[in-house]
Amino acid sequence: MSPAELKRAAAARAVGLVEDGMRLGLGTGSTATLFVELLGERVRAGLSVVGVPTSEATRRAAEAAGIPLTTLDDTPELDLTVDGADEIDPELRLIKGGGGALLREKIVAAASRRMVVIVDGAKRVETLGRFPLPIEVVPFGLGATTRAVAAAIRSAGAAGPLALRRGPDGAPFLTDGGHLILDAGLGRIPDPEALARALVAVPGVVEHGLFIGLATGAVVAEAADGQPRIVTLGAA
């Protein structure tokens, strides 16, 4: 099966977790977009929910799907967030931010009673770090911040190059909040908690893509004999 088919299978299973009246966090990325699309079908069939999008791209997709939207100012507590991930380990620790929405994604996840991650089987890893870790930083003092981030990474027992993320036109990629992203090619992260603590202590770092203690469950779609096989982890 193709990765797109597996992602759709995971999204479809997650839509089944949504109950009438729920306040939802709507994730960002290719798998989360499929969830929004399928959720819109249920909304048009009569399901009553409201959603908080984690990016401007998700906001546009949700509006197109007919999903009523709210904000964390008006709805500060959410029942369920459904989002994708770039990597997930056996302890439900994640790397997120490949789509550049890690800050809003983490804010929304933290405001939710439950966070269910939807991924295809290729995203499951034993040790985080194969996917470059996104680190969102302010533009001011970028050179100094980059040096401090590199030192923080070394202090947590990891190592690897830092690259400023750029868009298709070669210009620096800007997040919805107007920040930059440094992608850390670490290969493996031996102590995600230590690295998370080290990064948040760096002035100029807005947020990082390590999601620890936020995901309560995961829906993983894997290929088995040409058909999707759903594996649930945690409370999914």
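1. Thr 81 stands opposite Met 115 in β6. The strand β3, residues 78–83, pairs with β6 in the parallel sense over five bridges; two strands pair if DSSP finds at least two bridges between them. Helices (H or I, at least four residues) and strands (E, at least two) are DSSP runs, numbered from the N terminus.

2. The model is predicted: local features need pLDDT of at least 70 and side-chain atom pairs count only at pLDDT 80 or more, while totals for chains, interfaces and linings use all residues. Residues are numbered from 1 along each chain as its sequence is written, and side-chain values use heavy atoms, with hydrogens and water left out.

3. An open sheet of mixed pairing is formed by six strands in the order β2-β1-β3-β6-β12-β13. Its edge strands, β2 (50–53) and β13 (227–234), each pair on one side only.

4. Helix α1 (residues 3–15) packs on this sheet and touches β3, β6, β12 (217–224) and β13; contact means heavy atoms within 4.5 Å.

5. The largest pocket has a volume of about 180 Å³. A pocket is an open set of points on a 1 Å grid over the protein atoms alone, where a 1.4 Å probe fits, with protein on both sides within 12 Å along at least five of seven lines; lining residues have an atom within 4 Å of a point. The volume is the space filled by probe spheres set on the points, which are joined across faces, edges and corners.

6. Of the 17 residues lining the largest pocket, Thr 28, Gly 29, Ser 30, Ala 85 and Asp 86 are the closest to its centre. The helix α2 gives the most to this lining, with three residues.

Notes. Axes fitted to C-alpha atoms, helices over the stretch in contact; angles between N-to-C directions.
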